[in-house]
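This report goes through a set of contacts and pairings in one protein model. The sequence and the coordinates are shown first.

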Amino acid sequence: ASAIPNDTDKSLYVNGGEVTAPDVTLATGNGSRTIEAWVNTTNGSGVQAIAGYGTPITRGLFDLRLYNSNVLGLVAWNDDHYFTASHPLTNGQWHQVVAAYDGPSQTLKLYVDGTVIGQATLADALGTASNGSGVVIGQDSWQLREGLVGSVDDVSVYGSALSAAQVAAHFQASGNSAPAAPTTVTATAGA
């Protein structure tokens, strides 16, 4: 099945595997860029690499990762940033995950399901360089470990930092919706 309703292409199930694509046209150095992907997993423990590229030197990577059930992170190497989503991303539903980096301001924004979940200014400019592996989907890009256990679909890398409005528009156009807040909450004393 695809992350996007009525989309005829299929998603990719990765469980220890990966897909690579050449990175020769991708933003390097401190160039602005965005990685956007759709993920569907029920594995809520550990580190799961979604997609990325670069070299493992300080601020030489651009790797999007999921930690446990609701923490999304961008590994730049020695200047990593993590933000917590308001809901689990490991609920067996499709979720849009986005890392957008604006080079001139050195600002990183992470999004889940069309909404920004965090923003940070990097300590210095990125210096992303190819490591020869290309863009790696489903594993981290430098050791091919910490893979995603689940499905990934419609991975895109842009040569600009998508705006909040663009990310939200992509999510809205997908036909998916963010999880609703619980309607009934119960608590047991002493539990």
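Two strands count as paired if DSSP finds at least two bridges between them. The model is a predicted one. In it, Gly 73 stands opposite Tyr 82 in S7. The strands S6 and S7 run antiparallel and are joined by 4 bridges.

**Sheet**

S6 and S7 belong to an open sheet of 6 strands, with antiparallel pairing and the order S2-S11-S4-S5-S6-S7. Its edge strands are S2 (19–21) and S7, each of which pairs on one side only. On average, and with direction ignored, neighbouring strands of this sheet are turned by 15° against each other.

**Aromatic pairs**

A pair of aromatic rings is described by the distance of the centres and the angle of the planes. The whole structure holds 3 aromatic pairs; the table gives two of them, Trp 38 with Phe 171 and Trp 77 with Trp 142.

| Pair | Arrangement | Centre to centre | Angle between planes |
|---|---|---|---|
| Trp 38 and Phe 171 | stacked | 5.9 Å | 10° |
| Trp 77 and Trp 142 | edge-to-face | 5.2 Å | 85° |

Trp 38 lies in strand S3 (residues 33–40) and Phe 171 in helix H1, so this pair ties together parts that are 133 residues apart in sequence. Trp 38 and Phe 171 are both buried.

The pair of Trp 77 and Trp 142 also links distant parts of the chain, 65 residues apart. Trp 77 is in the loop between strand S6 (71–75) and strand S7 (81–84), and Trp 142 is in the loop between S11 and S12. With a relative accessible area of 26%, Trp 77 is partly exposed. Trp 142 has a relative accessible area of 19% and is therefore buried, the cut-off for buried being under 20%.

A charged side chain also meets a ring: Arg 33 lies over the face of Phe 62, at 5.0 Å from the ring centre.

Gln 139 is placed in the loop between strand S11 (135–137) and strand S12 (149–158). Gln 139 counts as buried because its relative accessibility is 4%. A polar atom of the Gln 139 side chain lies 3.1 Å from the backbone oxygen of Gly 16.

Ala 165 lies in helix H1 (residues 164–174). At 57% relative accessibility, Ala 165 counts as exposed. The C-alpha atoms of Ala 165 and Gly 114 are separated by 8.5 Å, while the two residues are 51 residues apart along the chain.

How values were computed
Residues numbered from 1 in each chain as written. Predicted model: local features only at pLDDT ≥ 70, side-chain atom pairs only at ≥ 80, totals over all residues. Heavy atoms only, no water. Helix = DSSP H or I, 4+ residues; strand = E, 2+ residues; numbered from the N terminus. Buried < 20%, exposed > 50% of the residue type's maximum accessible area, 1.4 Å probe, protein only. Polar contact = N/O pair within 3.5 Å; in protein donor to acceptor, adjacent residues only side chain to side chain. Phe/Tyr/Trp six-rings, centres within 6.5 Å; stacked < 30°, edge-to-face > 60°. Lys NZ or Arg CZ within 6 Å of the ring centre and 35° of its normal. Axes fitted to C-alpha atoms, helices over the stretch in contact; angles between N-to-C directions.
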